[in-house]
Amino acid sequence: MRQTIAVSLMNLANIRTRLGQSLVVVVGIGGVVAVLISLFAMAAGFNAAVTATGKTDRALILRAGSESEINGNIPLAEFAITSEKPGIKHMAGNPLITRETYVTARLPDKETEVLSSFPMRGVTAASFDVRDEVTLVKGVRPTEGKLELIAGIDVANRFPGFEVGNTIRIRGDDWQVTGHFESGGTSSESEVWVDERLLAAIHNRGNTFSSMLVTLESPDDLAAFSQAVADDKRLNLRVIRESDFYADQAGNTTGLISLTGLIVGSIMSIGAVFAALNTMYAAISMRVKEIATLKALGFSDFSIFFSVLLEAELLALAGGSLAGVFAYITLNGTSATSQSGTFTSLGFEFMVTPDLLITGVGIALALGFVGGAIPALSAIRMNLVDGLKQV
(Lines give C-alpha, C1' and ligand atoms only; values in the text may rest on other atoms or scores of the structure.)
Protein backbone atom coordinates (compact mmCIF):
# COMPACT_ATOMS: atom_id res chain seq x y z
CA MET A 1 0.00 0.00 0.00
CA ARG A 2 2.80 2.42 0.85
CA GLN A 3 4.50 1.64 -2.45
CA THR A 4 1.29 2.24 -4.34
CA ILE A 5 0.68 5.59 -2.64
CA ALA A 6 4.26 6.74 -3.15
CA VAL A 7 4.39 5.84 -6.84
CA SER A 8 0.94 7.32 -7.49
CA LEU A 9 1.81 10.64 -5.83
CA MET A 10 5.08 10.85 -7.77
CA ASN A 11 3.28 10.11 -11.02
CA LEU A 12 0.56 12.70 -10.40
CA ALA A 13 3.15 15.33 -9.48
CA ASN A 14 4.65 14.94 -12.95
CA ILE A 15 1.38 15.58 -14.80
CA ARG A 16 2.33 19.25 -15.21
CA THR A 17 5.20 18.15 -17.49
CA ARG A 18 2.62 16.51 -19.75
CA LEU A 19 -0.06 19.17 -19.42
CA GLY A 20 -0.82 19.51 -23.13
CA GLN A 21 -1.28 15.78 -23.64
CA SER A 22 -3.31 15.49 -20.46
CA LEU A 23 -5.68 18.23 -21.62
CA VAL A 24 -6.32 16.24 -24.81
CA VAL A 25 -7.70 13.41 -22.67
CA VAL A 26 -9.77 15.79 -20.52
CA VAL A 27 -11.28 17.53 -23.56
CA GLY A 28 -11.82 14.32 -25.51
CA ILE A 29 -13.64 12.48 -22.74
CA GLY A 30 -15.43 15.65 -21.68
CA GLY A 31 -16.74 16.08 -25.22
CA VAL A 32 -18.21 12.57 -25.23
CA VAL A 33 -19.90 13.11 -21.89
CA ALA A 34 -21.22 16.54 -22.87
CA VAL A 35 -22.83 15.18 -26.04
CA LEU A 36 -24.41 12.24 -24.23
CA ILE A 37 -25.75 14.40 -21.40
CA SER A 38 -27.16 16.89 -23.91
CA LEU A 39 -29.07 14.27 -25.87
CA PHE A 40 -30.29 12.40 -22.80
CA ALA A 41 -31.35 15.70 -21.17
CA MET A 42 -33.35 16.45 -24.32
CA ALA A 43 -35.01 13.03 -24.15
CA ALA A 44 -35.78 13.45 -20.44
CA GLY A 45 -37.30 16.90 -20.97
CA PHE A 46 -39.40 15.77 -23.91
CA ASN A 47 -40.59 12.72 -22.02
CA ALA A 48 -41.51 14.81 -18.96
CA ALA A 49 -43.51 17.31 -21.04
CA VAL A 50 -45.44 14.60 -22.84
CA THR A 51 -46.12 12.20 -20.00
CA ALA A 52 -47.20 15.08 -17.73
CA THR A 53 -50.07 15.61 -20.15
CA GLY A 54 -51.67 12.26 -19.43
CA LYS A 55 -53.60 11.46 -16.26
CA THR A 56 -54.47 8.03 -14.93
CA ASP A 57 -58.08 9.02 -14.17
CA ARG A 58 -58.74 10.25 -17.70
CA ALA A 59 -59.50 8.18 -20.79
CA LEU A 60 -58.91 9.17 -24.39
CA ILE A 61 -61.47 7.80 -26.84
CA LEU A 62 -60.51 7.41 -30.49
CA ARG A 63 -62.13 5.87 -33.51
CA ALA A 64 -61.43 2.14 -33.62
CA GLY A 65 -58.24 1.60 -35.60
CA SER A 66 -56.96 5.15 -35.04
CA GLU A 67 -53.56 5.57 -33.43
CA SER A 68 -53.80 9.34 -32.91
CA GLU A 69 -56.29 12.18 -32.77
CA ILE A 70 -55.31 13.68 -36.09
CA ASN A 71 -56.90 10.85 -38.09
CA GLY A 72 -59.93 10.48 -35.84
CA ASN A 73 -63.43 10.56 -37.38
CA ILE A 74 -66.18 9.90 -34.81
CA PRO A 75 -69.88 10.57 -35.62
CA LEU A 76 -71.57 13.11 -33.34
CA ALA A 77 -74.26 10.58 -32.40
CA GLU A 78 -71.65 8.45 -30.61
CA PHE A 79 -70.79 11.27 -28.24
CA ALA A 80 -74.22 11.27 -26.60
CA ILE A 81 -74.20 7.47 -26.30
CA THR A 82 -70.73 7.41 -24.74
CA SER A 83 -71.69 10.13 -22.26
CA GLU A 84 -74.16 7.73 -20.62
CA LYS A 85 -71.67 4.97 -19.87
CA PRO A 86 -70.82 4.04 -16.26
CA GLY A 87 -67.62 5.16 -14.59
CA ILE A 88 -67.70 8.78 -15.80
CA LYS A 89 -67.25 11.42 -13.12
CA HIS A 90 -69.97 14.08 -12.86
CA MET A 91 -69.81 17.76 -11.95
CA ALA A 92 -72.99 19.64 -11.06
CA GLY A 93 -74.96 16.72 -12.51
CA ASN A 94 -73.15 16.76 -15.86
CA PRO A 95 -70.74 14.05 -17.07
CA LEU A 96 -67.12 15.20 -17.38
CA ILE A 97 -66.69 14.30 -21.02
CA THR A 98 -65.82 16.46 -24.01
CA ARG A 99 -65.55 16.00 -27.75
CA GLU A 100 -62.66 17.67 -29.58
CA THR A 101 -61.56 18.24 -33.16
CA TYR A 102 -57.83 18.17 -33.90
CA VAL A 103 -56.07 19.70 -36.91
CA THR A 104 -52.64 21.17 -37.53
CA ALA A 105 -51.55 24.57 -38.82
CA ARG A 106 -48.24 26.10 -39.88
CA LEU A 107 -46.77 29.54 -39.28
CA PRO A 108 -43.25 30.97 -39.47
CA ASP A 109 -41.26 30.66 -36.25
CA LYS A 110 -40.58 34.00 -34.55
CA GLU A 111 -36.81 33.46 -34.38
CA THR A 112 -35.95 31.28 -37.36
CA GLU A 113 -38.81 32.36 -39.69
CA VAL A 114 -39.04 28.72 -40.77
CA LEU A 115 -42.55 27.30 -41.13
CA SER A 116 -43.38 25.23 -38.07
CA SER A 117 -46.44 23.15 -37.23
CA PHE A 118 -48.66 23.38 -34.18
CA PRO A 119 -52.03 21.80 -33.26
CA MET A 120 -55.35 23.61 -33.40
CA ARG A 121 -57.75 21.92 -31.01
CA GLY A 122 -61.47 22.49 -31.22
CA VAL A 123 -62.85 22.41 -27.68
CA THR A 124 -66.16 22.73 -25.87
CA ALA A 125 -66.95 24.40 -22.56
CA ALA A 126 -66.59 20.98 -20.92
CA SER A 127 -62.96 20.77 -22.10
CA PHE A 128 -61.96 23.28 -19.45
CA ASP A 129 -63.53 21.11 -16.74
CA VAL A 130 -62.10 17.83 -18.02
CA ARG A 131 -58.65 19.38 -18.58
CA ASP A 132 -58.60 21.01 -15.16
CA GLU A 133 -54.85 21.67 -15.34
CA VAL A 134 -55.48 24.40 -17.92
CA THR A 135 -55.41 27.92 -16.50
CA LEU A 136 -56.20 31.09 -18.41
CA VAL A 137 -53.37 33.51 -17.58
CA LYS A 138 -54.43 36.38 -19.82
CA GLY A 139 -57.64 37.41 -21.56
CA VAL A 140 -60.86 35.41 -21.86
CA ARG A 141 -62.06 32.16 -23.40
CA PRO A 142 -63.10 32.11 -27.08
CA THR A 143 -66.78 32.70 -27.77
CA GLU A 144 -68.75 29.80 -29.18
CA GLY A 145 -69.36 30.18 -32.90
CA LYS A 146 -66.84 33.01 -33.39
CA LEU A 147 -63.41 33.03 -35.03
CA GLU A 148 -61.66 33.45 -31.69
CA LEU A 149 -58.81 31.50 -30.11
CA ILE A 150 -56.71 31.16 -27.00
CA ALA A 151 -53.07 30.20 -27.37
CA GLY A 152 -50.89 28.05 -25.14
CA ILE A 153 -47.96 30.03 -23.79
CA ASP A 154 -45.47 28.06 -25.87
CA VAL A 155 -47.31 29.00 -29.07
CA ALA A 156 -47.63 32.61 -27.91
CA ASN A 157 -43.89 32.80 -27.26
CA ARG A 158 -42.72 31.00 -30.40
CA PHE A 159 -44.92 32.46 -33.12
CA PRO A 160 -45.49 36.14 -33.97
CA GLY A 161 -48.94 37.71 -33.88
CA PHE A 162 -50.43 35.85 -30.89
CA GLU A 163 -50.62 38.89 -28.63
CA VAL A 164 -54.05 39.19 -26.96
CA GLY A 165 -56.32 41.40 -29.06
CA ASN A 166 -54.49 40.69 -32.33
CA THR A 167 -56.07 39.13 -35.38
CA ILE A 168 -53.96 36.39 -36.96
CA ARG A 169 -54.50 34.57 -40.26
CA ILE A 170 -54.36 30.77 -39.96
CA ARG A 171 -55.17 28.45 -42.85
CA GLY A 172 -57.06 31.16 -44.72
CA ASP A 173 -59.17 32.45 -41.81
CA ASP A 174 -58.68 35.49 -39.59
CA TRP A 175 -58.80 34.56 -35.90
CA GLN A 176 -58.91 37.00 -33.01
CA VAL A 177 -56.62 36.12 -30.09
CA THR A 178 -58.65 36.46 -26.89
CA GLY A 179 -56.27 34.91 -24.34
CA HIS A 180 -53.27 32.81 -23.32
CA PHE A 181 -53.28 29.69 -21.15
CA GLU A 182 -50.90 27.49 -19.20
CA SER A 183 -51.26 23.80 -18.33
CA GLY A 184 -48.44 23.03 -15.93
CA GLY A 185 -45.82 22.39 -18.60
CA THR A 186 -47.86 19.77 -20.50
CA SER A 187 -48.04 19.45 -24.28
CA SER A 188 -51.30 21.45 -24.29
CA GLU A 189 -49.20 24.60 -23.99
CA SER A 190 -48.06 23.96 -27.57
CA GLU A 191 -51.66 24.13 -28.85
CA VAL A 192 -54.20 26.73 -29.97
CA TRP A 193 -57.79 26.24 -28.77
CA VAL A 194 -60.90 27.31 -30.70
CA ASP A 195 -64.61 26.45 -30.78
CA GLU A 196 -65.02 22.77 -31.67
CA ARG A 197 -68.06 22.91 -33.98
CA LEU A 198 -66.69 25.95 -35.79
CA LEU A 199 -63.34 24.27 -36.45
CA ALA A 200 -65.09 21.10 -37.66
CA ALA A 201 -67.25 23.12 -40.06
CA ILE A 202 -64.28 25.08 -41.45
CA HIS A 203 -62.44 21.85 -42.19
CA ASN A 204 -65.46 20.07 -43.66
CA ARG A 205 -65.71 17.49 -40.89
CA GLY A 206 -69.50 17.53 -41.06
CA ASN A 207 -71.13 15.79 -38.08
CA THR A 208 -67.89 14.19 -36.92
CA PHE A 209 -65.05 15.05 -34.56
CA SER A 210 -61.57 13.68 -33.74
CA SER A 211 -61.67 12.34 -30.20
CA MET A 212 -63.30 12.35 -26.79
CA LEU A 213 -61.72 12.87 -23.40
CA VAL A 214 -63.43 11.71 -20.23
CA THR A 215 -62.67 12.05 -16.52
CA LEU A 216 -63.36 8.82 -14.65
CA GLU A 217 -64.62 8.45 -11.11
CA SER A 218 -61.27 6.81 -10.34
CA PRO A 219 -58.41 5.21 -12.30
CA ASP A 220 -59.87 1.81 -11.42
CA ASP A 221 -63.04 2.57 -13.40
CA LEU A 222 -61.25 2.40 -16.76
CA ALA A 223 -61.87 -1.32 -17.28
CA ALA A 224 -65.62 -1.10 -16.61
CA PHE A 225 -65.99 2.00 -18.76
CA SER A 226 -63.99 0.50 -21.60
CA GLN A 227 -65.98 -2.73 -21.45
CA ALA A 228 -69.27 -0.83 -21.54
CA VAL A 229 -68.13 1.03 -24.65
CA ALA A 230 -66.95 -2.19 -26.31
CA ASP A 231 -70.24 -3.99 -25.53
CA ASP A 232 -72.37 -1.28 -27.20
CA LYS A 233 -72.83 -2.29 -30.84
CA ARG A 234 -73.71 1.30 -31.76
CA LEU A 235 -70.16 2.38 -30.98
CA ASN A 236 -66.98 1.78 -32.92
CA LEU A 237 -64.48 3.26 -30.51
CA ARG A 238 -61.12 2.59 -28.87
CA VAL A 239 -60.61 3.54 -25.21
CA ILE A 240 -57.13 4.05 -23.78
CA ARG A 241 -55.96 5.49 -20.49
CA GLU A 242 -54.65 8.97 -21.25
CA SER A 243 -51.37 8.47 -19.37
CA ASP A 244 -50.71 5.25 -21.32
CA PHE A 245 -51.41 6.98 -24.63
CA TYR A 246 -48.92 9.78 -24.01
CA ALA A 247 -46.33 7.46 -22.48
CA ASP A 248 -46.45 5.35 -25.64
CA GLN A 249 -46.16 8.41 -27.88
CA ALA A 250 -43.29 9.81 -25.80
CA GLY A 251 -41.47 6.50 -25.78
CA ASN A 252 -41.15 6.47 -29.57
CA THR A 253 -39.42 9.86 -29.67
CA THR A 254 -37.30 9.52 -26.53
CA GLY A 255 -36.13 6.12 -27.75
CA LEU A 256 -34.99 7.66 -31.03
CA ILE A 257 -33.17 10.50 -29.24
CA SER A 258 -31.47 8.07 -26.87
CA LEU A 259 -30.44 5.79 -29.75
CA THR A 260 -28.95 8.77 -31.56
CA GLY A 261 -27.04 9.67 -28.40
CA LEU A 262 -25.64 6.16 -28.09
CA ILE A 263 -24.53 6.05 -31.72
CA VAL A 264 -22.90 9.49 -31.65
CA GLY A 265 -21.43 8.83 -28.21
CA SER A 266 -19.98 5.49 -29.31
CA ILE A 267 -18.26 7.05 -32.30
CA MET A 268 -16.83 9.86 -30.17
CA SER A 269 -15.82 7.39 -27.47
CA ILE A 270 -13.47 5.63 -29.86
CA GLY A 271 -11.62 8.90 -30.44
CA ALA A 272 -11.54 9.66 -26.72
CA VAL A 273 -10.12 6.23 -25.88
CA PHE A 274 -7.40 6.60 -28.50
CA ALA A 275 -6.56 10.02 -27.08
CA ALA A 276 -6.22 8.46 -23.62
CA LEU A 277 -4.12 5.58 -25.01
CA ASN A 278 -1.76 7.94 -26.81
CA THR A 279 -1.39 10.16 -23.78
CA MET A 280 -0.69 7.32 -21.36
CA TYR A 281 1.72 5.59 -23.76
CA ALA A 282 3.54 8.91 -24.17
CA ALA A 283 3.69 9.28 -20.39
CA ILE A 284 5.15 5.79 -20.05
CA SER A 285 7.73 6.40 -22.80
CA MET A 286 8.93 9.45 -20.86
CA ARG A 287 9.21 7.36 -17.68
CA VAL A 288 10.88 4.19 -19.02
CA LYS A 289 14.01 4.60 -16.90
CA GLU A 290 11.95 5.71 -13.88
CA ILE A 291 9.66 2.66 -14.09
CA ALA A 292 12.62 0.31 -14.56
CA THR A 293 14.33 1.84 -11.53
CA LEU A 294 11.20 1.37 -9.44
CA LYS A 295 11.01 -2.28 -10.48
CA ALA A 296 14.71 -2.71 -9.60
CA LEU A 297 14.12 -1.21 -6.16
CA GLY A 298 11.42 -3.77 -5.49
CA PHE A 299 8.26 -1.80 -6.19
CA SER A 300 5.47 -4.17 -7.08
CA ASP A 301 3.86 -4.46 -10.50
CA PHE A 302 0.54 -3.58 -8.89
CA SER A 303 1.80 -0.23 -7.58
CA ILE A 304 3.13 0.70 -11.02
CA PHE A 305 -0.04 -0.51 -12.76
CA PHE A 306 -2.24 1.37 -10.31
CA SER A 307 -0.29 4.63 -10.65
CA VAL A 308 -0.68 4.67 -14.44
CA LEU A 309 -4.35 3.71 -14.28
CA LEU A 310 -5.01 6.30 -11.56
CA GLU A 311 -3.64 9.08 -13.75
CA ALA A 312 -5.94 8.07 -16.61
CA GLU A 313 -8.94 7.85 -14.31
CA LEU A 314 -8.29 11.25 -12.73
CA LEU A 315 -8.01 12.86 -16.16
CA ALA A 316 -11.25 11.15 -17.17
CA LEU A 317 -12.94 12.26 -13.96
CA ALA A 318 -11.87 15.84 -14.65
CA GLY A 319 -13.27 15.66 -18.17
CA GLY A 320 -16.56 14.08 -17.10
CA SER A 321 -17.05 16.46 -14.19
CA LEU A 322 -16.33 19.57 -16.23
CA ALA A 323 -18.69 18.35 -18.96
CA GLY A 324 -21.43 17.75 -16.39
CA VAL A 325 -21.04 21.21 -14.86
CA PHE A 326 -21.01 22.80 -18.33
CA ALA A 327 -24.13 20.89 -19.41
CA TYR A 328 -26.01 21.78 -16.22
CA ILE A 329 -25.19 25.50 -16.43
CA THR A 330 -25.88 25.88 -20.14
CA LEU A 331 -28.70 23.38 -20.76
CA ASN A 332 -30.77 22.69 -17.66
CA GLY A 333 -34.11 24.46 -18.05
CA THR A 334 -33.33 25.65 -21.57
CA SER A 335 -36.41 25.75 -23.79
CA ALA A 336 -36.51 23.67 -26.95
CA THR A 337 -39.02 22.51 -29.52
CA SER A 338 -39.62 19.10 -31.04
CA GLN A 339 -41.02 18.65 -34.52
CA SER A 340 -42.00 15.01 -34.76
CA GLY A 341 -44.77 12.47 -34.63
CA THR A 342 -48.16 13.11 -33.12
CA PHE A 343 -47.09 16.24 -31.29
CA THR A 344 -46.00 18.35 -34.29
CA SER A 345 -44.47 21.39 -32.58
CA LEU A 346 -44.00 20.61 -28.87
CA GLY A 347 -42.21 22.92 -26.48
CA PHE A 348 -40.23 21.41 -23.60
CA GLU A 349 -37.19 22.07 -21.40
CA PHE A 350 -33.88 20.21 -21.17
CA MET A 351 -33.61 18.28 -17.89
CA VAL A 352 -30.07 17.68 -16.62
CA THR A 353 -30.87 15.48 -13.62
CA PRO A 354 -28.50 14.27 -10.86
CA ASP A 355 -28.83 10.70 -12.17
CA LEU A 356 -27.80 11.90 -15.61
CA LEU A 357 -24.74 13.67 -14.19
CA ILE A 358 -23.73 10.54 -12.27
CA THR A 359 -24.15 8.47 -15.42
CA GLY A 360 -21.95 10.93 -17.32
CA VAL A 361 -19.17 10.65 -14.76
CA GLY A 362 -19.50 6.85 -14.83
CA ILE A 363 -19.09 6.82 -18.62
CA ALA A 364 -16.03 9.07 -18.29
CA LEU A 365 -14.44 6.71 -15.77
CA ALA A 366 -15.17 3.73 -17.99
CA LEU A 367 -13.45 5.44 -20.92
CA GLY A 368 -10.54 6.37 -18.67
CA PHE A 369 -10.19 2.76 -17.53
CA VAL A 370 -10.07 1.46 -21.10
CA GLY A 371 -7.61 4.15 -22.10
CA GLY A 372 -5.38 3.60 -19.07
CA ALA A 373 -5.44 -0.14 -18.44
CA ILE A 374 -3.66 -1.20 -21.65
CA PRO A 375 -0.73 1.24 -21.23
CA ALA A 376 -0.56 0.29 -17.55
CA LEU A 377 -0.17 -3.38 -18.51
CA SER A 378 2.61 -2.49 -20.94
CA ALA A 379 4.39 -0.60 -18.15
CA ILE A 380 4.57 -3.62 -15.83
CA ARG A 381 5.64 -5.90 -18.68
CA MET A 382 8.61 -3.66 -19.46
CA ASN A 383 11.98 -5.45 -19.60
CA LEU A 384 13.99 -4.35 -16.57
CA VAL A 385 17.40 -4.47 -18.27
CA ASP A 386 16.27 -2.57 -21.38
CA GLY A 387 14.58 0.02 -19.21
CA LEU A 388 17.71 0.69 -17.15
CA LYS A 389 19.73 1.21 -20.34
CA GLN A 390 17.53 4.19 -21.29
CA VAL A 391 18.97 7.64 -20.70
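The charged end of Arg99 sits over the ring of Phe79, 5.4 Å from the ring centre; a charge sits over a ring if NZ of Lys or CZ of Arg is within 6 Å of the ring centre and within 35 degrees of the ring normal. Arg141 likewise lies over the face of Phe128, at 3.9 Å from the ring centre. This is a predicted model, in which local features need pLDDT of at least 70 and side-chain atom pairs count only at pLDDT 80 or more, while totals for chains, interfaces and linings use all residues. Residues are numbered from 1 along each chain as its sequence is written, and side-chain values use heavy atoms, with hydrogens and water left out.

**Overall architecture**

- The protein chain has twelve helices and 16 strands; helices (H or I, at least four residues) and strands (E, at least two) are DSSP runs, numbered from the N terminus.
- Of the 391 residues of the protein chain, 50% count as buried, where buried means under 20% relative accessible area, exposed over 50%, and partly exposed in between (1.4 Å probe, protein chains only).
- Among contacts in the protein chain with a separation of 6 or more, 77% come from residues 24 or more positions apart; contact means heavy atoms within 4.5 Å.

**Aromatic pairs**

- A pair of aromatic rings is described by the distance of the centres and the angle of the planes.
- Rings of Phe, Tyr and Trp (its six-membered ring) pair if their centres lie within 6.5 Å; planes under 30 degrees apart count as stacked, over 60 as edge-to-face and the rest as tilted.
- By this rule the count comes to five aromatic pairs.
- Phe79 and Phe209 form an edge-to-face pair, because their ring centres are 6.3 Å apart and their planes stand at 90 degrees.
- Phe79 belongs to helix H3 (residues 77-82) and Phe209 to strand E12 (residues 208-209), so the pair ties together parts that are 130 residues apart in sequence.
- Phe79 and Phe209 are buried.
- The pair of Phe181 and Trp193 is tilted, at 4.9 Å centre to centre and with 40 degrees between the planes.
- Phe181 in strand E10 (residues 173-182) and Trp193 in strand E11 (residues 192-195) are twelve residues apart, and their pair links distant parts of the chain.
- Phe181 and Trp193 are both buried.
- Phe118, Phe159 and Phe162 are linked into a cluster by ring pairs.

- Thr178 is placed in strand E10 and counts as buried, at 9% relative accessibility.
- Not counting residues up to four places away in sequence, Thr178 touches Lys138, Gly139, Val140, Arg141, Pro142, Glu148, Leu149, Ile150 and Val164.
- Gly179 is also found in strand E10, and Gly179 is buried with a relative accessible area of 0%.
- Gly179 and Val137 are 42 residues apart in sequence but 7.5 Å apart in space, C-alpha to C-alpha.
- Beyond its neighbours within four places in sequence, Gly179 is in contact with Lys138, Gly139, Val140, Leu149, Ile150, Ala151 and Val164.

**Glu196 in helix H6**

- Glu196 lies in helix H6 and counts as buried, at 1% relative accessibility.
- Residues up to four places away in sequence aside, Glu196 touches Arg99, Glu100, Thr101, Gly122, Val123, Thr124, Thr208 and Phe209.
- Between Glu196 and Thr98 there are 10.0 Å in space, C-alpha to C-alpha, although these residues are 98 apart in sequence.

**Second largest pocket**

- Rolling a probe the size of a water molecule over the atoms shows where empty space is left.
- On a 1 Å grid over the protein atoms alone, a pocket is an open set of points where a 1.4 Å probe fits, with protein on both sides within 12 Å along at least five of seven lines; lining residues have an atom within 4 Å of a point.
- The second largest pocket has a volume of about 210 Å³, a volume being the space filled by probe spheres set on the points, which are joined across faces, edges and corners.
- Its lining consists of 13 residues, of which Val123, Thr124, Ala125, Glu144 and Asp195 lie nearest the centre of the pocket.
- Strand E11 and helix H6 (196-202) each supply at least two residues of this lining.
- The lining divides into five nonpolar, two polar and six charged residues; Ala, Val, Leu, Ile, Met, Phe, Trp, Tyr, Cys and Pro count as nonpolar, Asp, Glu, Lys and Arg as charged, and the others, Gly among them, as polar.

**Positive phi outside glycine**

- Ala92, a residue other than glycine, has a positive phi near 55 degrees.
- Ala92 lies in the loop between strand E3 (90-91) and strand E4 (94-95) and is exposed, with a relative accessible area of 77%.
- Arg171 is not a glycine, yet has a positive phi of about 50 degrees.
- Arg171 lies in the loop between strand E9 (167-170) and E10 and counts as partly exposed, at 49% relative accessibility.
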